[in-house]
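Colleague: I have a model open and would like to learn how to read its features. Could we take them one at a time?

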Amino acid sequence: MIVGAGGMGREVYGVICLLNRLATGLPRWRVLGFVDDYPDQSHVDLVHRLGVPFLGSSHWLAGQPTTTHVALGVGQPRLRRETDQAIARYGLPAATVVHPAAEVGPDCVHGEGLFAAGGARVTTNVVLGRHVHLNQNCTVGHDAVLGDYVSVNPLAAVSGYCRLAEGVMVGTTAAVLPKLTVGRDAVVGAGACVTRDVADGVVVTGVPARPARRSAADAGPVVVAAHRRQDEVDHPA
Ligand SMILES: CC(C)(COP(=O)(O)OP(=O)(O)OC[C@H]1O[C@@H](n2cnc3c(N)ncnc32)[C@H](O)[C@@H]1OP(=O)(O)O)[C@@H](O)C(=O)NCCC(=O)NCCS
């Protein structure tokens, strides 16, 4: 069952289709359908174009056998966390969906619900938390630790020994330099180059990355003004 009928959910479905096509002699996924508590009609129409049922709200997860796995097609990290918490009562396992052209190197560990899109590359001794999403052609270097619900967007590069706390989003084509820490629910804007640690909840943009002047719609209410004021003191414009 795929939770989320938006673009992310349909991308997850695409990877599942590819895995099934290549699964000669291996177990295959049977996609029961999409569920979404806040469906947009245009998304529902696109799900139907894929020939997959749109079932309705997440209540469809109730009563499913524990052989039914859930793939979270929710791109925004904190929405993914909220969704995971909301459906926890159904007690269903999370599907791990790794594109055949994604690479996860030796001695890496990951929590349930890992999604890795085509071209995502994780080198070695990396720890990935629950429901981490690695999007197309991103890279994660050696000894990095990514907390639960982290998203690394297309073409972003997370360097070796980085620590990304729970809920961090690294935007498209951004870079996080080695050994840096990005705090809980922080957002690294698309194209940014992070050269210093980022505090919890802060949105940074630019090269070198600096706290954004105003909170991101993406980031939501936990962008803490106090952090921004402190950062502005540290790094006046
Ligand atoms: C940084 C970010 C979170 C800001 O979101 P937001 O608050 O909604 O930003 P807005 O679009 O309202 O833009 C606010 C200002 O910041 C600028 N801005 C937005 N994103 C920026 C970025 N990545 N780098 C530099 N400046 C940026 C805008 O140009 C705008 O400037 P202006 O006020 O001078 O016109 C968002 O733009 C971003 O980069 N998200 C990453 C998304 C991503 O990777 N998506 C991929 C999905 S696969």
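Colleague: How many bridges join strand E13 to strand E16?

Modeller: Strands of a sheet pair through backbone hydrogen bonds, either parallel or antiparallel. Here two bridges join E13 (residues 145–146) to E16 (residues 163–164), and these strands run parallel. Within this pair, Leu146 stands opposite Leu164 of E16. Strands are DSSP runs of E with at least two residues, helices are runs of H or I with at least four, and both are numbered from the N terminus. Two strands pair if DSSP finds at least two bridges between them. This is a predicted model, in which local features need pLDDT of at least 70, side-chain atom pairs count only at pLDDT 80 or more, and totals for chains, interfaces and linings use all residues. Residues are numbered from 1 along each chain as its sequence is written.

Colleague: In what order do the strands of the five-strand open sheet come?

Modeller: The order is E7-E10-E13-E16-E19, with parallel pairing. Strands E7 (109–110) and E19 (181–182) are at the edges with a single partner strand each, so one side of each has no neighbour in the sheet.

Colleague: Which strands are the edge strands of the eight-strand sheet?

Modeller: That open sheet runs E5-E8-E11-E14-E17-E20-E22-E23 and its pairing is mixed. Strand E5 (97–98) and strand E23 (210–211) are its edge strands, each pairing on one side only. Inside the sheet, E20 (residues 187–188) and E22 (residues 203–205) run parallel and are joined by two bridges, with Val187 opposite Val203.

Colleague: Is Val198 buried or exposed?

Modeller: A residue is buried if 20 or more other C-beta atoms, placed from the backbone, lie within 10 Å of its own, exposed if 12 or fewer, and partly exposed in between. Val198 counts as buried because it has 25 C-beta neighbours inside 10 Å. Its place is in the loop between strand E21 (193–194) and E22. Contact means C-beta atoms, placed from the backbone, within 7 Å. Leaving aside neighbours within four places in sequence, Val198 is in contact with Val182, Gly183, Ala186 and Val204. The C-alpha atoms of Val198 and Val182 are separated by 4.6 Å, although the two are 16 residues apart along the chain.

Colleague: Which residues have the most contacts inside the largest nonpolar core?

Modeller: A nonpolar core is a set of buried Ala, Val, Leu, Ile, Met, Phe, Trp, Tyr and Cys residues joined through C-beta atoms within 7 Å. The largest has 58 residues, and those with the most contacts inside it are Leu134, Val140, Val158, Val170, Val182 and Val188. Helix H1 gives this core its largest share, four residues. Setting aside neighbours within four places in sequence, the contacts of Val158 include Val140, Leu164 and Val170.

Colleague: Where does a backbone angle call for a second look?

Modeller: Most residues other than glycine have a negative phi, and most peptide bonds are trans. Tyr161 has a positive phi of about 65° and is not a glycine; its place is in the loop between strand E15 (157–158) and E16. With 15 C-beta neighbours inside 10 Å, Tyr161 is partly exposed. Asp185, also not a glycine, has a positive phi of about 60° and lies in the loop between E19 and E20. Asp185 is buried, with 24 other C-beta atoms within 10 Å.

Colleague: Which residues does a cis peptide bond join?

Modeller: Val207 and Pro208, with omega about -10°. Pro208 is in the loop between E22 and E23.

Key: Two residues are in contact if their C-beta atoms, placed from the backbone, lie within 7 Å.
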